[in-house]
Amino acid sequence: MKKQDTIFGIHAVEALLNNSPERVIELWLLQGRDDDRLTPLINIASTFGTTLQRAARKVLDDKAGSSQHQGIVARVKAVKPLTESDLDALLDKTEVPFLLILDGVTDPHNLGACLRNADAAGVHAVIVPKDNSVGLTSTVSKVACGAAEIIPLFQVTNLARTMRHLQDKGVWIVGTAGEAEGNVYQADLKGPLAIAMGAEDKGLRRLSREGCDSLVSIPMAGSVSSLNVSVATGVCLFEAVRQRLA
């Protein structure tokens, strides 16, 4: 396991400072930038004795591996990836689990957007396979706008086995498939629930699809055949939210 990570962007760094300030080793700030968005983060970091350094934009670009850092880059202690055993601990203390399963999402922008959706919808955890899936990268954290530092992301060795385990724990799994007869608005999305979404181009893999308790589609009125996975995830999650609040 790597010992250090890089996180960049105002929302991602703010969420980290608010939730796990002890992980921050040092902050690199854009030289000459002092404004209302950065000052509160500097104050929090100073409270915890975090090293602060100023640098030119090119230095921050190189440290972040991106020009989208918004003038702040953090070097942080890496966290141990959450696994199946950690998932059990979460399920044991959650009365009505609301989970999101992402099967083979490899684009960090899509994972980041899905994490942001999950946080907004009140999801307790996101589950992804360890292989054939993007993990928590600095780009994921930036796109997630802080959600990556809040929503637990579980990387499991065998997704089909984990889905069976969830069912044994009383969690109903609803998967998405374009050919499904029923649509998401007709499904019962209350109670202990996991919504399973497939990869950007292929959808759910066969074993994952077969492991679902039911399959639903999203009604499509136009000529476009499918939605981006993060958009489809938002549609499904917030239909579940609507039902659970009714």
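## How helix α5 begins and ends

Let's start where α5 starts: there, the backbone nitrogen of His109 has a side-chain oxygen of Asp107 within 2.7 Å. Keep in mind that this is a predicted model.

At the other end, α5 is followed by Gly122, and the phi of Gly122 is positive, near 85°.

What about the length? Helix α5 covers residues 108-121, so at 1.5 Å a residue its 14 residues should span 20 Å. The end C-alpha atoms are 20 Å apart, which agrees.

Which residues of α5 are buried? They are Asn110, Leu111, Gly112, Ala113, Cys114, Leu115, Asn117, Ala118 and Ala121.

## α5 alongside α9

Take α9 as a partner of α5. The two axes come within 9 Å and cross at roughly 10°. Angles under 35 degrees count as roughly parallel, so α5 and α9 are roughly parallel to each other.

On the α5 side, the residues that meet α9 are Asn110, Ala113, Cys114, Asn117, Ala118, Ala120 and Ala121. On the α9 side they are Val229, Ser230, Thr233, Gly234, Leu237, Phe238 and Val241.

## Another pair: α4 and α7

Now for helix α4 (residues 84-92) and helix α7 (residues 159-168), whose axes come within 12 Å and cross at roughly 20°. These helices are therefore roughly parallel to each other too, and α4 passes α7 in a right-handed crossing. Glu84, Leu87, Asp88 and Leu91 of α4 make the contact with Arg161, Thr162, His165 and Leu166 of α7.

Note on methods
Residues are numbered from 1 along each chain as its sequence is written. This is a predicted model: local features need pLDDT of at least 70, side-chain atom pairs count only at pLDDT 80 or more; totals for chains, interfaces and linings use all residues. Side-chain values use heavy atoms; hydrogens and water are left out. Helices (H or I, at least four residues) and strands (E, at least two) are DSSP runs, numbered from the N terminus. The expected span of a helix is 1.5 Å times one less than its number of residues. Buried means under 20% relative accessible area, exposed over 50%, partly exposed in between (1.4 Å probe, protein chains only). A polar contact is a pair of N or O atoms within 3.5 Å; within protein, one must be able to donate a hydrogen and the other to accept it, and residues adjacent in sequence count only if both atoms are side-chain atoms. Axes are lines fitted to C-alpha atoms, for helices over the stretch in contact, and angles run from 0 to 180 degrees between N-to-C directions. Angles under 35 degrees count as roughly parallel, over 145 as roughly antiparallel, 65 to 115 as roughly perpendicular and the rest as oblique. A crossing is left-handed if the near helix is turned anticlockwise from the far one by less than a right angle, and right-handed if clockwise. Contact means heavy atoms within 4.5 Å.
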